[in-house]
Amino acid sequence: MSVSTSTWVHGPDDTGHFGRFGGRFAPETLITPLAELERAYLDARRDPAFAAELGRHLRDFAGRPTPLYRAERLGEALGDRIIYLKREDLLHTGAHKINNTVGQCLLTVRMGKPRVIAETGAGQHGVATAAAAARFGLACTVYMGEEDMRRQALNVERMRLLGTEVRPVASGSRTLKDAINEAMRDWVTNVGDTHYVLGSVLGPHPFPVMVRDFHRVIGDEVRAQLAELHPGRAPDWLVACVGGGSNAIGLFHEFLGEPATRLVGVEAGGRGIASGLHAARLAEPRLGVLHGTQTYVLQDDRGQVRATHSVSAGLDYPALGPEHAWLSELGRARYESVTDEEAVDAFEKLSRREGILPALESAHALAWLEREASQITKDEIVVVNLSGRGDKDVAEVERVRREGFEASTGERRS
């Protein structure tokens with residue numbers, strides 16, 4: 001269904017729900033720590049000193065603001081479209097993830113806890129957590145599936161060089177879902193002295209709203225930058241890849257009340273929806289609960305979580321952030337998918353046209369733009385969130401080009 005902008009509540013409600021999505025589904029041992037985290041975050045959010053310190057670290061350590069870059073050669077190739085890239089790839093550690101990890105590690109210090117843990121798929125959240133933990137003097141452990149460690153060996157070494165312990169996860173599909181499982185087990189065991197720096201707008205309340213708020217700086221900057229470049233204009237299109245959905249919601253949130261701004265989230269179509277080897281939750285939407293939140297989950301008829309696949313480790317996850325599920329249900333944002341082949345093709349095209357190697361995650365958003373450019377008029381402004389850089393993906397792109405895309409599928413289990 002559709003909804004007018006006058007009805008928007010920029011959620012969640014007091015119970016952590018975005019409509020019927022979200023909530024706090026967690027073991028009893030985590031209910032009290034989650035409530036304490038919510039209180040600590042709300043207190044920090046109201047504290048001007050916390051906001052000032054966070055802003056200083058984002059500027060001096062992370063490298064904000066990031067440029068809004070006019071991709072002229074890409075725009076020409078797509079029929080003289082007006083295309084801007086929000087250059088989150090230029091941030092310290094190479095992706096938008098540092099916005100959230102600096103915020104959560106600063107909050108960890110405020111709570112008086114000496115240790116953080118995290119999960120990671122593509123490795124960028126792990127590297128960003130490791131960097132922020134080192135900056136604030138926190139012990140750090142990161143859980144990563146063995147399949148993702150193979151695909152992202154460079155990021156594994158980066159985390160270790162930053163002083164972080166990387167713990168391989170050999171269970172299940174050996175990817176992001178399984179890394180989150182292990183991180184949650186660690187947190188249950190060590191909740192007294194450990195904060196879990198969850199990496200996307202997932203998990204039990206307050207994580208979806210907290211992570212969103214730490215990434216809202218993306219859309220806030222786009223608003224201010226466009227005001228200088230095109231006075232009086234809002235973007236006509238915002239496009240971002242969606243795994244859990246942190247970079248997308250960071251871009252979208254500032255513009256939810258702009259009825260003329262169309263929001264497009266791009267999921268991982270993998271080997272194609274019909275193949276079953278994908279991570280496009282909204283291609284087959286089924287309500288479920290995973291990792292502490294109610295949302296759309298890829299699952300079978302018995303409610304068992306299905307295996308996922310994407311050439312991009314950061315999109316290889318069976319659940320969607322609850323706020324994205326809500327935006328989809330309300331008709332405020334649309335969610336589509338592109339295949340591995342389309343994403344790798346877009347990766348190579350941006351590299352050659354603009355001299356920028358995008359992360360394979362971001363390449364999914366670029367691939368949608370390549371495919372759907374004809375529905376965009378020449379006077380409309382498009383902003384694509386370039387959520388990360390592609391150095392980490394060069395070896396995987398070369399491998400699938402050499403061995404074929406079937407080689408990226410591997411032996412996968414739910």
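## Close-ups of a predicted model: helix contacts, pockets and cavities

**View A. Helix 13 crosses helix 14 at roughly 90°.** In this predicted model, the axes of helix 13 (residues 340–354) and helix 14 (residues 360–372) come within 7 Å of each other. An angle between 65 and 115 degrees counts as roughly perpendicular, so that is how this pair is described. On the helix 13 side, look for Glu342, Ala343, Val344, Ala346, Phe347, Lys349, Leu350 and Arg353. Their partners in helix 14 are Leu360, Ala363, His364, Leu366, Ala367, Glu370 and Arg371. Sorted by class, this contact has nine nonpolar residues, five charged ones and one polar one.

**View B. The second largest cavity is lined by residues that include some from helix 13 and helix 14.** Its volume is about 40 Å³. The lining is made up of Leu74, Ala346, Lys349, Leu350, Arg353, Leu366, Leu369 and Glu370. Helix 13 provides the largest share, four residues, and helix 14 supplies at least two. Five of the lining residues are nonpolar and three are charged, with no polar ones.

**View C. Helix 2 passes helix 4 in a right-handed crossing.** Here the residues in contact are Phe50, Glu53, Leu54, His57, Leu58, Phe61 and Ala62 from helix 2, together with Ile98, Asn99, Val102, Gly103, Leu106, Leu107 and Arg110 from helix 4. Nine of these residues are nonpolar, three are polar and two are charged. As for the geometry, the axes of helix 2 (residues 48–62) and helix 4 (residues 97–111) come within 10 Å and cross at roughly 135°. The two helices are therefore oblique to each other.

**View D. The largest pocket holds about 380 Å³ of space.** There are 17 lining residues, and those closest to the pocket centre are Leu54, Leu58, Asp213, Phe214 and Val217. Two or more lining residues come from each of helix 1 (28–45), helix 2, helix 9 (207–215) and helix 10 (217–229). Which helix gives the most to this lining? That would be helix 2, with six residues. By class, the lining splits into nine nonpolar, seven charged and one polar.

View E. Of its 14 lining residues, Pro12, Leu42, Arg45, His205 and Val209 are the closest to the centre. Helix 1 and helix 9 each put at least two residues into the lining, and helix 1 gives the most, with four. The class count is six charged, five nonpolar and three polar.

View F. A search of the whole structure turns up two cavities of 30 Å³ or more. The largest cavity has 30 lining residues, with His96, Lys97, Ser246, Gly314 and Glu361 closest to its centre. At least two lining residues come from each of strand 5 (115–120), helix 5 (124–136), helix 8 (176–190) and helix 11 (246–252). What is the make-up of this lining by class? Count 16 polar residues, ten nonpolar and four charged.

Note on methods. Residues numbered from 1 in each chain as written. Predicted model: local features only at pLDDT ≥ 70, side-chain atom pairs only at ≥ 80, totals over all residues. Heavy atoms only, no water. Axes fitted to C-alpha atoms, helices over the stretch in contact; angles between N-to-C directions. Parallel < 35°, antiparallel > 145°, perpendicular 65-115°, else oblique. Contact = heavy atoms within 4.5 Å. Nonpolar A, V, L, I, M, F, W, Y, C, P; charged D, E, K, R; others polar. Left-handed = near helix turned anticlockwise from the far one by under 90°. 1 Å grid on protein atoms, 1.4 Å probe; cavity = no way out; pocket = protein on both sides within 12 Å on 5 of 7 lines; lining within 4 Å. Points joined across faces, edges and corners; volume = space filled by probe spheres on them.
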